[in-house]
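Thanks for coming, everyone. Let me put the structure up, and then I will walk you through a few places in turn.

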Amino acid sequence: MTQKFDVVVIGAGPGGYVAAIKAAQLGLSTACIEKYTDKEGKLALGGTCLNVGCIPSKALLDSSWKFHEAQDGFAIHGIQHAGVTMDVPAMVGRKANIVKGLTSGVATLFKANGVTSIQGHGKLLAGKRVEVTKPDGSVEVIEAENVILAPGSRPIDIPPAPVDQNVIVDSTGALEFQAVPKRLGVIGAGVIGLELGSVWSRLGAQVTVLEALDTFLMAADTAVSKEALKTLTKQGLDIKLGARVTGSKVDGEEVVVTYTDANGEQTITFDKLIVAVGRRPVTTDLLATDCGVTLDERGFVHVDDHCATTVPGVYAIGDVVRGMMLAHKASEEGIMVVERIKGHKAQMNYDLIPSVIYTHPEIAWVGKTEQALKAEGVEVNVGTFPFAASGRAMAANDTGGFVKVIADAKTDRVLGVHVIGPSAAELVQQGAIGMEFGTSAEDLGMMVFSHPTLSEALHEAALAVNGGAIHIANRKKR
Ligand SMILES: Cc1cc2nc3c(=O)[nH]c(=O)nc-3n(C[C@H](O)[C@H](O)[C@H](O)COP(=O)(O)OP(=O)(O)OC[C@H]3O[C@@H](n4cnc5c(N)ncnc54)[C@H](O)[C@@H]3O)c2cc1C
């Protein structure tokens, strides 16, 4: 007999697994189809995020930062040691254990919530039926009242630098190096390139980042991107802007990369090259030609503001649809869709999705940049507070960067919070909470912040919007 579910989810990344758990919690019979297997050939839930994305990259970022601190950051605290060494396989092994714990945790959550986990490749057929091709090649068709497509994304390949996962790797390969490459090239100065470049740079690699664009971190507020470029360069990342890679030649265990910049054609040799030029939606063999779901001109599944596709009862979420490719965006879309399936009036505030880059200092923002607001003709007041003036940051010897709060000059409503500095991701989240409730800079300024905290920098930046900061001289007078 054909199995039938209220909800069938294709893909168990942060979009799909969260949607499946939520659906089961709301009393809907739910199945989630996933095909990804780990190195041992076992089904591994959690998608890009848990297996080869957010979590493993942060594990390596944290390990490499501790090594860097142990090498260069302890003496100022009076801590002397004879010298530190790095066991790269142990670091990568720790990362693998974290991944294993979390992916098996999703399997446990599926069991606890009554989600039926199905291993195989899912394909949407006409009439809300889903064909599952199992690992043994057998095929089963299941029926669904509702289907949620959450197949995610994969790294973009570029013809000048074909990935061989040995010398030229993508982000997944860059999480698996068993030794620190002496000369590391990174194509792309985006989030992933900067994070992975930072990991290996802290461990001693000489890192060169080749970025085709002339502008660094275009999506960030200009003040933040300028500070980031300065700081990361000081840390040893050689970031070449306007450098377009045109070719590469692997020769044994090294690769010669050709690129053009303002001075013409250049060549540079690396021991490893990471290609991190972005990701594209995964739709391979996902949609039967007569299923009715359409793709947009960029290959993303076409959806409306509520993630509904062109077929009633079929939804798509996460990296496979328009918008930022972020785990938290994928998860919230999953929750919104399931709530709507249940008949609730859920919606998502796409204007307040925080962005984070986990370099050191961290870079994070929510809302609009000063340049975007000015381009829209919005008059703003800006308050900035440097961590150099924060007692907590001084105590931690981590004083780089600042908090910038941007408010509407007429209403004082906060329109953007931008942070480069320690715990930027956490501080920006506080701004996001306030902004969701329509906070003004004055509201933030009137709140009591614990002392001494890094959060006080957000408080002071909000006060500075209207010339009322206490611990710095105000540019704007009241
Ligand atoms: C190195 C790196 C670091 C990152 N760091 C961050 C970060 O710090 N913060 C952040 O928010 N985001 C980060 N991201 C992005 C984040 O991982 C993605 O935005 C997120 O995983 C997208 O979730 P998703 O559920 O849409 O898709 P995915 O996580 O890609 O999951 C999709 C799943 O669907 C499965 N699948 C695909 N097609 C089928 C099919 N036909 N049948 C069955 N299964 C299928 C895939 O195997 C996969 O497991 C990072 C990404 C990378 C690569």
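First, a word on naming: helices (H or I, at least four residues) and strands (E, at least two) are DSSP runs, numbered from the N terminus. With that in hand, look at V321, in the loop between strand 17 (314-316) and helix 8.

Before going on, the ground rules. This is a predicted model, where local features need pLDDT of at least 70, side-chain atom pairs count only at pLDDT 80 or more, and totals for chains, interfaces and linings use all residues. Residues are numbered from 1 along each chain as its sequence is written, and side-chain values use heavy atoms, with hydrogens and water left out.

Back to V321. Is V321 buried or exposed? Buried means under 20% relative accessible area, exposed means over 50%, and partly exposed is in between, with a 1.4 Å probe and protein chains only. V321 counts as buried because its relative accessibility is 0%. What does V321 touch? Contact here means heavy atoms within 4.5 Å. Leaving out residues up to four places away in sequence, V321 touches F300, V301, V303, A316, K329 and E333. Now find C307. The C-alpha atoms of V321 and C307 are 8.0 Å apart, and the two residues are 14 residues apart along the chain.

That brings us to cysteines. A disulfide is a covalent bond between the sulfur atoms of two cysteines. The cut-off used here is a pair of cysteine sulfur atoms within 2.5 Å. How many disulfides does a search of the whole structure find? The count is 0. Take C54: the nearest cysteine sulfur belongs to C49, 3.2 Å away, and C54 is in no disulfide. C54 counts as partly exposed because its relative accessible area is 29%. C307 is in no disulfide either; the nearest cysteine sulfur, that of C32, is 16 Å away. C307 counts as buried, because its relative accessibility is 0%.

Next, the ligand. A residue is near a molecule if one of its heavy atoms lies within 4 Å of it. There are 38 residues around the ligand, and E34, T48, K58, G122 and A327 come nearest. By type, the shell divides into 17 nonpolar, 16 polar and 5 charged residues.

Which elements supply the shell? Helix 1 (14-25), strand 2 (30-34), helix 2 (47-52), helix 3 (54-73), strand 4 (121-125) and helix 8 (327-341) each supply at least two residues. Helix 2 gives the most, with 4 residues.

Now the polar contacts. A polar contact is a pair of N or O atoms within 3.5 Å; within protein, one must be able to donate a hydrogen and the other to accept it, and residues adjacent in sequence count only if both atoms are side-chain atoms. D319 places a polar side-chain atom 2.8 Å from an oxygen atom of the ligand. From L326, a backbone N or O atom lies 3.2 Å from a ligand oxygen atom. From A327, a backbone N or O atom is 2.8 Å from a ligand oxygen atom. On its own the ligand has 990 Å² of accessible area, and the protein covers 94% of that. Those areas come from the Shrake-Rupley method with a 1.4 Å probe; for residues, only the protein chains shown count as cover.

Stay with helix 3. Its buried residues are P56, S57, A59, L60, L61, S63, S64, F67, A70 and G73. What covers them includes helix 2, helix 4 (88-113) and helix 6 (191-202). Pick out S57, which lies in this helix. S57 counts as buried because its relative accessibility is 8%. Its side chain reaches the backbone oxygen of G53 at 2.7 Å. S57 also touches L175, E195 and L196, again not counting residues up to four places away in sequence.

Last, some backbone geometry. Most residues other than glycine have a negative phi, and most peptide bonds are trans. The peptide bond from H360 to P361 is cis, with omega near 0°. P361 sits in the loop between strand 18 (355-357) and strand 19 (362-367). The bond from H451 to P452 is cis too, with omega near -5°. L217 has a positive phi, near 45°, and lies in the loop between strand 10 (206-211) and helix 7 (222-234).

Technical notes
Ala, Val, Leu, Ile, Met, Phe, Trp, Tyr, Cys and Pro count as nonpolar, Asp, Glu, Lys and Arg as charged, and the others, Gly among them, as polar.
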